[in-house]
Amino acid sequence: MKNVAVVLAAGKGSRMKSDIPKQFMELDGKPLVCHCLEVFQQSSHIDDIVVVTGEEQISYVKEEICDAFGYGKVRAVVAGGKERCHSVNNALQYISEQIPDCVYVFIHDGARPFLTEELVGRLCISVQEEGACIAAVPVKDTIKVADAEGHIQNTPARTTLWAAQTPQVFSFPLIRNAYARMIQEDRTENITDDAQVLERMEGYPVKLVEGSYGNRKITTPEDIQ
Ligand code: CTP
Ligand code: MG
């Protein structure tokens with residue numbers, strides 16, 4: 001019975017506007033993606049790691065990241081897809097073929113370097129009770145729903161709003177089947193996280209686990225200044 005972490009590093013980072021993809025930019029002396037790999041490598045809750053990256057970056061990730069930094073839990077570096085959801089699906093397919101004893105899968109953005117073992121531990125407890133849970137924090141700003149012209153349509157009550165983070169953690173067969181069906185039925189429009197796949201395909205009640213405001217995603221240049 002294994003817990004597998006999927007680390008997503010196949011994005012182009014278009015909002016970062018840098019020469020190299022943001023997941024490989026240097027942060028505190030090493031490539032950004034190394035920070036979460038370090039946590040999963042050290043974690044008592046994680047057995048194997050699957051990294052997803054661009055086809056042309058696979059050998060760089062294997063040699064300069066996994067081998068160079070000694071991330072021995074990395075079982076495979078697999079090629080990503082067009083959108084985040086296609087990259088996740090490729091990893092889930094690899095796991096179903098190569099790691100048949102996977103019970104829970106921890107899906108994490110390689111662009112979130114401030115992951116902690118404590119959060120991994122809390123998600124691990126929750127997923128055993130709930131089958132599906134994600135890290136999230138209550139939003140601090142008031143959120144507006146706007147029309148295409150930029151006029152406000154309505155304002156959801158802030159007390160009901162949470163900002164989704166990763167890791168997002170699931171019973172493996174549950175998320176694997178939902179993803180496979182979503183891709184097969186071509187229902188991927190506007191999917192930006194994994195919980196949404198269960199919402200759309202299964203109507204499954206995914207549990208929110210309090211993450212931390214520090215567990216932010218590096219998206220634009222000011223996020224790493
Ligand atoms: N990701 C991925 N495969 C894709 C797109 C995104 O593995 N086809 C990963 C990114 O590498 C990142 C995470 O998903 O770790 C969250 O995506 P995001 O922050 O949107 O990263 P990018 O898509 O790279 O950035 P942008 O949207 O600005 O182009
Ligand atoms: Mg993106």
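Residues are numbered from 1 along each chain as its sequence is written, and chains are lettered from A and ligands numbered from 1 in the order in which they are written. Because the model is predicted, local features need pLDDT of at least 70 and side-chain atom pairs count only at pLDDT 80 or more, whereas totals for chains, interfaces and linings use all residues; side-chain values use heavy atoms, with hydrogens and water left out.

Me: What makes a residue one of those that surround ligand 1, and which are the closest?
Reply: A residue counts as near a molecule if one of its heavy atoms lies within 4 Å of it. By that criterion 19 residues surround ligand 1, and the closest are Gly 13, Ser 14, Arg 15, Ser 87 and Lys 217. The shell divides into 4 nonpolar, 7 polar and 8 charged residues, where Ala, Val, Leu, Ile, Met, Phe, Trp, Tyr, Cys and Pro count as nonpolar, Asp, Glu, Lys and Arg as charged, and the others, Gly among them, as polar. Strand S1 (2–9) and helix H3 (84–98) each supply at least two residues of this shell; helices (H or I, at least four residues) and strands (E, at least two) are DSSP runs, numbered from the N terminus.

Me: Why is helix H1 called largely enclosed?
Reply: Buried means under 20% relative accessible area, exposed over 50%, and partly exposed in between (1.4 Å probe, protein chains only). In helix H1 (residues 32–42), 9 of the 11 residues are buried, so the helix is largely enclosed by the rest of the structure. Among them are Leu 32, His 35, Phe 40 and Gln 41.

Me: How do you know whether Pro 113 and Arg 122 are buried, partly exposed or exposed?
Reply: Pro 113, in the loop between strand S6 (102–109) and helix H4 (117–130), has a relative accessible area of 6% and is therefore buried. Its C-alpha lies 8.0 Å from that of Ile 218, although the two are 105 residues apart in sequence. Arg 122, in helix H4, has a relative accessible area of 31% and is therefore partly exposed.

Me: Why are Gln 165 and Asp 109 called buried?
Reply: Gln 165, in strand S10 (residues 162–171), is buried because its relative accessible area is 5%, and its side chain makes a polar contact of 3.0 Å with that of Asn 215. Asp 109, in strand S6, is buried because its relative accessible area is 10%, and a polar contact of 3.1 Å joins its side chain to that of Arg 84.

Me: Which peptide bond is cis, and what is its omega?
Reply: The bond joining Thr 166 and Pro 167 is cis, with omega about 5°, and Pro 167 lies in strand S10. Most residues other than glycine have a negative phi, and most peptide bonds are trans.

Me: Where is Asp 186, and why does it count as exposed?
Reply: Asp 186 is in the loop between helix H5 (172–184) and helix H6 (195–202), and it counts as exposed because its relative accessibility is 61%. Its phi is near 55°, a positive value in a residue other than glycine. Asn 190, also found in the loop between H5 and H6, has a positive phi of about 60° although it is not a glycine, and its relative accessible area of 65% makes it exposed.

Key: A polar contact is a pair of N or O atoms within 3.5 Å; within protein, one must be able to donate a hydrogen and the other to accept it, and residues adjacent in sequence count only if both atoms are side-chain atoms.
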